[in-house]
Amino acid sequence: MRFVDEYRDADRAQALAAKITDLCEPGRHYKFMEVCGGHTHTIYKHGLEDYLPENIQLVHGPGCPVCVIPMGRVDDAIHIAQQPDVVMTSFGDMMRVPGSTRSFIDSNADNTDIRMVYSPLDALKLAKGNPGKHVVFMAIGFETTAPSTAMTVLRAAVDEVENFSVFDNHVTVIPAIKAVLDSPDLRLDGFIGPGHVSTVIGCRPYGFIAEDYGKPLVVAGFEPLDILQSIYMLLRQLTDGRSEVENQYSRVVPWDGNQAALRAISDVMELRPYFEWRGLGFISHSALRLRDDYARFDAERLFELPGVRVADPKACQCGEVLKGVLKPWECKVFGTACTPETPIGTCMVSSEGACAAYYNYGRFERSRVKEATRA
Ligand code: SF4
């Protein structure tokens, strides 16, 4: 297939759905986790759950980069932005993420200068054009976006830019999946593996999921037929009694990843001993920070940070949603106190957040009916 509409062809989707139904063992319930928020978005945008038999349940995982940023890190970023002559920059999704008392947008009403950029290079350009200011880029995301941050730091070093730094919040996907696997709350039959991250890390790092935990994982693309085909491939493995890592997204994901991108990350960044994830708590070796060689570009070393750990609001159940334990509509404030316009938790902010996907595509009512039928 060459064109995007071919990956959205309803007849092909129906044919795949029929093959999926044929593979399901009667009386068996299957639970698959889509790790990536982009997959959650596709599933609800295209109503894919409606194509699947009742005994297949999809749950979302911790793969939305904005959703996993804890409130304390938002507070830290605002604290940096409050310093004299600082311009803070970040991706648009971060602008409305609530900190303990305010978001970036709220903070700008109090005279901070926090701007949305499309890439870290835009932030570097801003620094070059404003020598009287110090421009900080709040870097977020998995291994997908870490290479562009690393390349920007390398460019800043070559160009000897002295008024630019990075507030590094990059996280790594494997420890998060391991935390989900070790969680006693959830029994999963397999994973729809993240597509974007895998373009960088490849498929090999997922091997332990199949070998040590006996769960199949299929790296999947982001079109409706990609996801249905991945579910078919997972069921095929379960039917055959196999647990392997397979690559449905081979048109984009190289098995061994992108070596140039991995080299850029490891040249500039190293693993932190631990990092706090919203809803998952502290996870060892799950995030990146700048190496000593690039300390002059590290906002955490240039500015003193409060670094206070902030508990999520009592009403917020993002942690359970991020672990796939709760569906968004099971959170008490979903769609009432918490909406995309008035988010209480991060999962309602980002377009990749499960709550935003449910809310924006109005799927929660159908899910309710479906869950009620299952009960
Ligand atoms: S509805 Fe809001 S508070 Fe509840 S889990 Fe979703 S984002 Fe968090």
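The axes of helix α5 (residues 120-129) and helix α6 (residues 146-158) cross at roughly 25° and come within 9 Å of each other. This is a predicted model, in which local features need pLDDT of at least 70, side-chain atom pairs count only at pLDDT 80 or more, and totals for chains, interfaces and linings use all residues. Residues are numbered from 1 along each chain as its sequence is written. Helices (H or I, at least four residues) and strands (E, at least two) are DSSP runs, numbered from the N terminus.

## Exercise 1

Describe how α5 and α6 are arranged, and list the residues that meet.

Step 1. Two packed helices are described by the angle between their axes and the distance between the axes. Axes are lines fitted to C-alpha atoms, for helices over the stretch in contact, and angles run from 0 to 180 degrees between N-to-C directions.

Step 2. Angles under 35 degrees count as roughly parallel, over 145 as roughly antiparallel, 65 to 115 as roughly perpendicular and the rest as oblique. α5 and α6 are therefore roughly parallel to each other.

Step 3. The crossing of this pair, α5 and α6, is right-handed; that term applies if the near helix is turned clockwise from the far one by less than a right angle, and left-handed if anticlockwise.

Step 4. From α5, the residues P120, L121 and L124 meet S148, T149, T152, R155 and A156 of α6.

## Exercise 2

Step 1. On α2 the contact is made by T40, H41, Y44 and K45, and on α14 by A354, A357, Y358 and Y361. Contact here requires C-beta atoms, placed from the backbone, to lie within 7 Å.

Step 2. A residue is buried if 20 or more other C-beta atoms lie within 10 Å of its own, exposed if 12 or fewer, and partly exposed in between.

Step 3. Just after α14, G362 has a positive phi of about 60°.

## Exercise 3

Give the strand order of the five-stranded sheet and explain which strands stand at its edges.

Step 1. The sheet is open, with parallel pairing and the order β2-β1-β7-β8-β9. Strands pair if DSSP finds at least two bridges between them.

Step 2. β2 (56-63) and β9 (245-247) are the edge strands, each with a single partner, so one side of each has no neighbour in the sheet. The twist averages 20° from one strand to the next.

Step 3. Three bridges join β7 (residues 190-193) to β8 (residues 217-219), and I192 stands opposite V218 in β8.

Step 4. Helix α7 (residues 173-182) packs on the sheet, touching β1 (30-36) and β2, and its direction makes about 135° with that of β2.

## Exercise 4

Decide whether V268 is buried or exposed, and list its contacts beyond four places in sequence.

Step 1. V268 lies in helix α11 (residues 259-268).

Step 2. V268 counts as buried because it has 25 C-beta neighbours inside 10 Å.

Step 3. Leaving aside neighbours within four places in sequence, V268 is in contact with A150, V153, L154, L290, R291 and Y294.

Notes:
Contact = placed C-beta atoms within 7 Å.
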